[in-house]
Every structure is written in structure tokens, then in C-alpha cells.
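Please review the briefing below alongside the sequence and the model.

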Amino acid sequence: MTLSPIKPSQNNNTHNSEYLRQIPLFRLKTTIQKPLFRKVPETFDVIYADPPWDYDQRTFLNKKANNTGSASDHYPTMTLQQLCCMNVRKLRAKNSIMYMWTTGPQLQASIQLMIAWGYTYKTVAFVWDKIRLNPGYYSMSQTEFVIVGTHGAIPKPRGRRNVRQFLQSKRTRHSQKPHEIRRRIEIMHPEQTKLEMFARDTSSGWFSHGNQCQGSVQLPL
Ligand SMILES: C[S@@+](CC[C@H](N)C(=O)[O-])C[C@H]1O[C@@H](n2cnc3c(N)ncnc32)[C@H](O)[C@@H]1O
């Protein structure tokens, strides 16, 4: 008899028990040797967030500009107040670092959000040049930013400290951020527990949370 390769669910917690129940016992023996379960930690050293900002019609939309529509055409958005009410403070380790995606118009709100979640704003960690120009009310815009803040000290041991701030890569689907930024964070914090909030996909080495993410972990938010 030929057995098809066992494909564990991408889910890190609840759904795996359902998956295990469906496996015949003779296959369970081999499956169980692989770590199907990853216990979700109560707190995280690194939190990487891409909030579903509610732009409140503040973006400059121009049909000719090849734009892909507003965020609310793609997913439910949240107001600053709703975001501030999420209990992210509970998820911080004693020493924790937060990386948060933001845009020029959202910069002030994102720093406010970081403070509400209990982090001290430090600087702009990454600048993404999307290459394509978008019309704006002031200058033409083509960049997004990842701001960084800390709670306590920067988690130790630290990884590489020579990671570049600037990244140039073409944007793809609406709101999709380049994987390279996640990779750079991994290099900077190789040994830490890492959570991605508002994720749409899971990533190896990360706990991912998001309402469009298959395999999202459950969090007490
Ligand atoms: C800006 S997008 C994230 C895009 C992602 N970083 C990527 O590169 O594909 C924000 C995501 O947050 C999700 N979201 C909205 N409200 C949420 C909530 N209350 N809890 C969890 N996820 C939420 C949206 O559905 C959307 O998938």
C-alpha cells in the first residue's frame, strides 16, 4: 500500500487535534515524531504588526494611477481607537520590541498606537521604496515605513546589527509587504519568540495572527 505524504495542518494549535484524530493509528506513530504542536507562548519578545488602518477617505485616489482600491475593499479595517483597545500589553515579554508598518499619513497615529500598546517609539527601522509612484496631496508618494519601539530593553541575545534600513522592491497585491522585511527582523532577533499581528500568511519561525490567516494562532486580545 502506498501512503500519501502526511501534510500537517498549518495551524499551530486547536486544528491539529482534529487533524490527529483523522490519522489512522499506524500512521500516527511516524507522524508523532514530527513536532506538530507549537505551544503558543503567553508573551513575545518580538511583535511585528501591520495594522488594518482605517484611512477614513484620507488617501489620494486617482483612477488613472493604477491603484488597487481602498483597504476596506480587501479586508475589515479598524479605527485608531479600536486598535488601541486591543490588549497587546498582555502579549509583551518583559523585554520586547515592536516593529509596526505605517505610511506617511498614518505616522502620527502609529506612534500613538505604539504608545497605547506600551512601547516607547524609537526610530524608523525600515523604509520600503515601492518603486511605483502614487499621487499625493503634497509630493508624489512611493514609500512605506516600519517604525520600531521597545518595552524594557532590546531582547537579548541580539543578532546582527548591520541590517539595512532601505529596501527597494515592487509592490504586489494590495497591502502585501515584502517578505524581506520579516527576514531582516529574523536576522536581527534570531533567537526570540516572534509574533506577527494582522498576518495574512503563516511564516516559518513566527506565530501568526490575523482574521484572513489560515493557521492563525488564538490570542487573548
Ligand atoms: C494591512 S493587512 C496585512 C497585510 C499583510 N501584512 C501582508 O503582507 O499580506 C491587515 C490584515 O489585518 C486583518 N484584520 C482586520 N481586523 C482584524 C482583527 N480585528 N483581528 C485580526 N486581524 C484583523 C485584515 O483582514 C488584513 O488581513
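Predicted model: local features only at pLDDT ≥ 70, side-chain atom pairs only at ≥ 80, totals over all residues.

Residues are numbered from 1 along each chain as its sequence is written. The protein chain comprises five helices and seven strands, where helices (H or I, at least four residues) and strands (E, at least two) are DSSP runs numbered from the N terminus.

**Confidence**

- The average pLDDT (the predictor's confidence in each residue, from 0 to 100) is 85 for the protein chain, and 77% of the residues score at least 70.
- Residues 1–17 have a pLDDT below 50, and this stretch has 25 contacts in the model beyond near neighbours in sequence; two residues are in contact if their C-beta atoms, placed from the backbone, lie within 7 Å.
- Over residues 25–34 the pLDDT likewise stays under 50, and the model has seven contacts for them beyond four places in sequence.

**Overall make-up**

- Read from the N terminus, the order of elements is α-α-β-α-β-α-β-β-β-α-β-β.
- Of the 221 residues in the protein chain, 27% are buried. A residue is buried if 20 or more other C-beta atoms lie within 10 Å of its own, exposed if 12 or fewer, and partly exposed in between, with C-beta atoms placed from the backbone.
- Among contacts between residues at least 6 apart in sequence, 66% join residues at least 24 apart.

- Strand β1 (residues 44–49) runs parallel to β6, to which four bridges join it; two strands pair if DSSP finds at least two bridges between them.
- β1 also pairs with β2 in the parallel sense, over five bridges.
- Valine 46 has a bridge partner in each of these strands: lysine 194 in β6 and isoleucine 97 in β2.
- Tyrosine 48 stands opposite glutamate 196 in β6.
- Strand β6 (residues 194–197) is covered on both faces, with Lys194 and Glu196 buried on one side and Leu195 and Met197 buried on the other.
- Three bridges join β6 to strand β7 (residues 207–209), and these two strands run parallel. Methionine 197 stands opposite histidine 209 in β7.

- Helix α4 (residues 107–116) has Ser110, Leu113 and Met114 buried. Seen down the axis of α4, its buried residues fall within an arc of 100 degrees, so they line one face of the helix; the arc is that of the directions from the helix axis to the C-beta atoms.
- An α-helix has 3.6 residues a turn, so residues three or four places apart point the same way.
- The cover over the buried residues of α4 includes α3 (80–84), β2 (92–102), β3 (120–134) and β4 (141–151).
- In helix α5 (residues 179–188), the buried residues are Ile181, Arg184, Ile185, Glu186 and Met188; what covers them includes β1, β2, β3, β4 and β5.

**Ligand shell**

- The ligand is surrounded by 13 residues, of which Asp50, Tyr75, Phe198, Arg200 and Gln212 are the closest. A residue is near a molecule if its C-beta atom, placed from the backbone, lies within 6 Å of it.
- The shell divides into five nonpolar, five polar and three charged residues. Ala, Val, Leu, Ile, Met, Phe, Trp, Tyr, Cys and Pro count as nonpolar, Asp, Glu, Lys and Arg as charged, and the others, Gly among them, as polar.

**Backbone geometry**

- Most residues other than glycine have a negative phi, and most peptide bonds are trans.
- Phenylalanine 198 has a positive phi, near 60 degrees, and is located in the loop between β6 and β7. Phenylalanine 198 counts as buried because it has 22 C-beta neighbours inside 10 Å.
- Isoleucine 131, in strand β3, has a positive phi of about 70 degrees although it is not a glycine. With 11 C-beta neighbours inside 10 Å, isoleucine 131 counts as exposed.
- The peptide bond from lysine 156 to proline 157 is cis, with omega near 0 degrees; proline 157 lies in the loop between β4 and β5 (166–168).
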